[in-house]
Amino acid sequence: MDDLELATSRLRLRRFDDGDLPLLTELFADHSVRRYLAVGRMDRVAALDFAAEFIRRSEGELSEAGCGALALTRKADGRPIGYCGLRPLPDRIRAVELLYAVAPDCWGNGYASEAARAVVDWGFAVLLIDEIHGFTRPEHGASRRIMEKLGMRYRGDTDRYYGETLAFYALGRCANGSNPA
Ligand SMILES: CC(C)(COP(=O)(O)OP(=O)(O)OC[C@H]1O[C@@H](n2cnc3c(N)ncnc32)[C@H](O)[C@@H]1OP(=O)(O)O)[C@@H](O)C(=O)NCCC(=O)NCCS
């Protein structure tokens, strides 16, 4: 688990380290990123605290549940550009939530889709997760498009998590066609 790394043609996903704190702080302090995440307004200091807690939580989830958010870096220059991963859902055992965020200056290059594909395949083929769920604000076209490209099916809107109504997408292991590695 310590050497956990997922790779795609352009990206690497690995556990967070302290060097990822500045990027995560930037992400959470940026209104254009935060507006679609279930986090409230925050200044830089609050974003730094939130980023540190995000890393701690992800590390805890990786140790306890085997899955969590991973740092997303670009192979070409090694730059951390965001995160992508799977997070346990509080009331589910065999279903997890898909997460992703990319630095705004890197949007539109297919990075989130590429990372999410690798993470979904990891979840089904290696972790043997039964279902991957995704939640997004209904008006978030880019996030919906990413989940649709992954083959996730829209199952309607739900207010089950995050205290707001979100579009709910899901994909099962059999439908993904992933076989155990
Ligand atoms: C959502 C986010 C991860 C997308 O990252 P990205 O690397 O630009 O995404 P990709 O380039 O892989 O794919 C985006 C897809 O959505 C499409 N898209 C972009 N804006 C869109 C819109 N307003 N409506 C519909 N589709 C849209 C793109 O054309 C692309 O689809 P395509 O490959 O068929 O052309 C990024 O904008 C982000 O980090 N946002 C803030 C955090 C966030 O919203 N996270 C998800 C929370 S649910």
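Colleague: How many bridges join E2 to strand E3, and which way do they run?

Modeller: There are 4 bridges between E2 and strand E3 (residues 69-74), and the two strands run antiparallel. Strands count as paired here if DSSP finds at least two bridges between them. The labels are DSSP runs numbered from the N terminus: helices are H or I with at least four residues, strands are E with at least two. Residue numbers start from 1 along each chain as its sequence is written. One caution: this is a predicted model, so local features need pLDDT of at least 70 and side-chain atom pairs count only at pLDDT 80 or more, while totals for chains, interfaces and linings use all residues.

Colleague: Noted. What stands opposite Arg 12 in E3?

Modeller: That's Thr 73.

Colleague: Is Thr 73 buried or exposed?

Modeller: Thr 73 is buried, because 20 other C-beta atoms lie within 10 Å. The scale is: buried at 20 or more other C-beta atoms within 10 Å of the residue's own, exposed at 12 or fewer, partly exposed in between, with C-beta atoms placed from the backbone.

Colleague: And what does Thr 73 touch?

Modeller: Not counting residues up to four places away in sequence, Thr 73 touches Leu 11, Arg 12, Gly 78, Arg 79, Pro 80 and Ile 81. Contact means that the C-beta atoms of two residues, placed from the backbone, lie within 7 Å. Thr 73 also has its C-alpha atom 9.8 Å from that of Asp 20, 53 residues away along the chain.

Colleague: Back to E2: which residues are on its covered face, and which on the uncovered one?

Modeller: Leu 11 and Leu 13 make up the covered face of E2, whereas Arg 12 and Arg 14 are on the uncovered one. Arg 14 is also the bridge partner of Glu 5. E1 and E2 are antiparallel with 3 bridges, and the hairpin that joins them goes through 3 residues.

Colleague: New topic. Which residues have the most contacts inside the largest nonpolar core?

Modeller: Leu 72, Cys 84, Tyr 100, Ala 115, Ala 116 and Val 119, in a core of 44 residues. H4 supplies its largest share, 8 residues. Such a core is a set of buried Ala, Val, Leu, Ile, Met, Phe, Trp, Tyr and Cys residues joined through C-beta atoms within 7 Å. Beyond four places in sequence, the contacts of Leu 72 include Leu 11, Leu 13, Cys 84 and Ala 115.

Colleague: Last one: which residues come nearest the ligand?

Modeller: Tyr 36, Ala 112, Ser 113, Gly 141 and Arg 145, out of 20 around it. A residue is near if its C-beta atom, placed from the backbone, lies within 6 Å of the molecule or strand in question. Strand E5 (95-102), helix H4 (111-125) and helix H5 (141-149) each give two or more residues to the shell, and H5 gives the most, with 5.

Colleague: How does that shell around the ligand divide?

Modeller: Into 11 nonpolar, 8 polar and 1 charged. Nonpolar is Ala, Val, Leu, Ile, Met, Phe, Trp, Tyr, Cys and Pro; charged is Asp, Glu, Lys and Arg; the others, Gly among them, are polar.
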